[in-house]
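Dear colleague,

I am passing on a structure that I would like you to look over when you have time. My notes on what was found in it follow below.

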Amino acid sequence: MIGLQIKPRGRPIKKLPSTIRLDLATATAETLYTRLSAYTGLSRDRLRLTKGSDGSVVTVRRESGKDVMVEELGLRDGSTVFVKDLGPQVAWRTVFVIEYLGPLFIHPLLLYALRPYIYSSSPLNPLSYIPFGPSLKPDQVLPPPTQTQTLLCALVVLHFLKREYETFFIHRFSGGTMPFRYIFRNAAHYWILSGVNLAYSFYTPAASPAASWWPVVLNAGNNPAIVYSMVALWVFAQISNFKTHLALRNLRPANSTKRQIPKGYGFDSVTCPNYSFEVLSWVCVWVLSGGNWAASLFTLTGTTVMFLWARKKERRYRKEFGSSYKKKRNVIVPGIL
């Protein structure tokens, strides 16, 4: 048996014991987390333990997924362990589900249920006072959704249904949770930019959501070739994105933190081909919308964010895998980004 000195890192933690005794022969790092969680009444995910000797985080599992023993951590009788309360946490899987639920329900809800009210010219509708807004004029009858609007809604819904499926059955998360307060920031990107803003701009009373500068010959409502080609390209992008996600999933065995170099479909050309195909699918939606300003904003914002993420991953791969990793000049688009 050994006795560990337990001290709070940062703000005090109620009911945190000053010492804790463990059987060095059988105790795992997970045992230490579980015991402290029971003492404090805080979720195990809220606690971060660091060693007093070097400040390193107390890890629970090896890359292989096997439990780390307390003895392996170098902790001895009298060693100090600092405990930090990270605050309320939410599982990453839950975060993803909530993010994608927004646009998944907002688009069909606005198109098929709220459209007559959202674009109403009634003085009781605050949206009718938006300068240059798409609201109906007095006595104007709301036309039914066009085929292009219905198609755009279908593509958005199918995209986020795929995202939800991947969240439940494909993705393996390296981190278990994130601070709960960040969920509102993360969800805003999807609920507002790809949800409310995109839907409000897509399903207007106008015959087409296309921008005024968009060439008529490229308008999806007038050119079936644009529709067929963009839908085919969108399907290709979605399947390819799914395929790269499967490849990433297979790099990490279940319950493991092992990291490997991604290879194969798209990964030999750019750092993050999953982002490449994601961008391509939204470019197809952008073309079908006729360069709609909301689609332009969401596509540009998403591309910028994914580019920054991909560049960060490229730096991490180079640092982590060294000479065994083939450096990529472009992280998302070959020859461009």
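**Notes on the model**

With a relative accessibility of 66%, Lys15 counts as exposed, since the cut-off for that class is over 50%. Please keep in mind, for this residue and for everything that follows, that the model is a predicted one. Lys15 sits in the loop that links β1 (2-8) and β2 (19-22), and its phi is near 65°, which is a positive value in a residue other than glycine.

Ser174 is found in the loop between α3 (147-169) and β6 (177-179), and because its relative accessibility is 59%, Ser174 counts as exposed.

Strand β3 gives another picture. Four of the five residues of β3 (residues 47-51) are buried, so that the strand is mostly covered. Its partner is strand β4 (residues 80-85), to which β3 is joined by five bridges, with the two strands running antiparallel. Within this pair, Leu49 stands opposite Val83 of β4. As a general point to hold in mind when viewing the pair, side chains in a regular strand alternate between the two faces of the sheet.

Turning to the protein chain as a whole, it contains seven helices and six strands, and their order along the sequence is β-β-α-β-β-β-α-α-β-α-α-α-α. The radius of gyration of the protein chain is 26 Å, whereas a compact globule of 337 residues would have one near 20 Å; along the principal axes, the C-alpha trace spans about 80 × 50 × 30 Å. Of the 337 residues, 44% count as buried, and of the contacts between residues at least 6 apart in sequence, 73% join residues that are at least 24 apart.

As for the surface, the accessible area of the protein chain comes to about 18,100 Å², and carbon and sulfur atoms account for 62% of that area.

With best regards

Methods:
Residues are numbered from 1 along each chain as its sequence is written. This is a predicted model: local features need pLDDT of at least 70, side-chain atom pairs count only at pLDDT 80 or more; totals for chains, interfaces and linings use all residues. Side-chain values use heavy atoms; hydrogens and water are left out. The radius of gyration is taken over C-alpha atoms; the globule rule is 2.2 Å times the number of residues to the power 0.38. Buried means under 20% relative accessible area, exposed over 50%, partly exposed in between (1.4 Å probe, protein chains only). Contact means heavy atoms within 4.5 Å. Accessible areas come from the Shrake-Rupley method with a 1.4 Å probe; for residues, only the protein chains shown count as cover. Two strands pair if DSSP finds at least two bridges between them.
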